[in-house]
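The sequence and structure are shown first.

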Amino acid sequence: MNVTRAVLIGGLVLLQACVSTSTTPEHKPTQEEAAVANVNLAAGYIKQGKPEVAIERLQRAIKQDPKLADAHSMIAVAYDQLGSLDDAENHYKKATQLEPDNSAAANAFAVFLCRHNRWKDAEPYFQKAVANYKYQTPEVSYTNAGVCALSAGDREKAEQNFRAALTRNPTYPDALEGMLEMSYQDKNYMQARAFLARYRDVKPMTAEVLWMCFNIEDQLKNHDAANRCAAQLREGFPDSPEAQQLNQAQKRDGRG
């Protein structure tokens with residue numbers, strides 16, 4: 001599991017507050033409502049791959065409501081897309097300062113730091129995100145922290161965070177995949193099989209997972225199950241690198 005696959009919560013999420021839809025002439029949006037409207041418009045531009053246009057909207061939003069943390073968090077995403085890392089970091093940090101209890105903002109900043117190989121800097125922000133008892137999806141931040149720790153070579157912290165995520169949400173697929181991959185890498189094939197079974201119950205199998213499935217069952221001498229995983233891999237992902245690895249492995253073993 002690569003850190004770039006970590007889930008980014010916050011930044012691209014439309015704000016819950018909405019400007020009034022009233023069309024009566026006497027209604028004039030407040031500065032705060034106008035700021036929210038600009039943030040929501042900017043979210044669309046970011047999703048369309050237009051960070052420059054998004055930044056224009058978000059600069060307006062920040063001028064209209066300088067204390068709107070989501071505007072800072074989202075403009076950080078836009079700057080990050082453009083490679084303006086100092087600007088991105090400043091706005092991520094500003095968002096967490098404006099709203100210390102905003103778990104989405106803390107998670108987003110932590111993911112940013114992690115993607116730039118700053119696990120030690122990221123960890124406190126992941127911890128801040130999950131410390132808020134009102135945070136509805138702590139499993140996301142725990143899983144992101146697990147991916148980040150794993151990328152930094154801290155396998156103990158990675159496992160702690162993946163297991164914490166699964167304590168909060170036992171069916172969260174990204175955390176299950178994290179534990180599956182770690183168990184597989186550690187050659188703990190019985191444990192890997194258990195996490196594989198839980199993963200396949202909640203998410204379609206990818207080429208990467210099917211390749212692990214084949215190897216897990218092969219190592220456990222369950223050749224029927226291994227062959228089923230191999231068949232699924234060939235049929236579902238015939239051009240994948242994992243299918244090529246499978247073909248090479250079976251030819252080498254005289255099973256191709």
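## Terms and basis

A residue is called buried under 20% relative accessible area, exposed over 50%, and partly exposed in between, with a 1.4 Å probe and protein chains only. Arg155 is partly exposed by this scale, with a relative accessible area of 29%.

The model is predicted, so local features need pLDDT of at least 70 and side-chain atom pairs count only at pLDDT 80 or more, while totals for chains, interfaces and linings use all residues. Residues are numbered from 1 along each chain as its sequence is written, and side-chain values use heavy atoms, with hydrogens and water left out.

## Salt bridges between separate elements

Side chains of opposite charge can pair when their charged atoms come close. The structure contains 8 salt bridges, a salt bridge being a side-chain nitrogen of Lys or Arg within 4 Å of a carboxyl oxygen of Asp or Glu. One of them joins Lys157 to Glu123, with the closest N and O atoms 2.9 Å apart. This pair links distant parts of the chain, 34 residues apart: Lys157 belongs to helix 8 (residues 155-168) and Glu123 to helix 6 (residues 119-131). Helices here are DSSP runs of H or I with at least four residues, numbered from the N terminus. Lys157 counts as partly exposed at 26% relative accessibility, whereas Glu123 counts as buried at 14%.

Another salt bridge is formed by the side chains of Asp186 and Arg155, at 2.8 Å from N to O. Asp186 lies in the loop between helix 9 (173-185) and helix 10 (189-200) and Arg155 in helix 8, so the pair ties together parts that are 31 residues apart in sequence. Asp186 has 46% relative accessibility and therefore counts as partly exposed.

Glu159 and Arg163 form a salt bridge whose closest N and O atoms are 2.9 Å apart. Both residues lie in helix 8, separated by 4 residues, about one turn of the helix. Glu159 is partly exposed at 30% relative accessible area, and Arg163 is partly exposed at 36%.

Elsewhere, a network of salt bridges links Glu89, Arg118 and Asp121.

## The second largest pocket

The second largest pocket has a volume of about 160 Å³. Of its 10 lining residues, those closest to the centre are Ser103, Ala104, Lys134, Tyr135 and Gln136. A pocket is an open set of points on a 1 Å grid over the protein atoms alone, where a 1.4 Å probe fits, with protein on both sides within 12 Å along at least five of seven lines; lining residues have an atom within 4 Å of a point. The volume is the space filled by probe spheres set on the points, which are joined across faces, edges and corners.

The lining comprises 3 nonpolar, 5 polar and 2 charged residues. Ala, Val, Leu, Ile, Met, Phe, Trp, Tyr, Cys and Pro count as nonpolar, Asp, Glu, Lys and Arg as charged, and the others, Gly among them, as polar.

Key
Helices (H or I, at least four residues) and strands (E, at least two) are DSSP runs, numbered from the N terminus.
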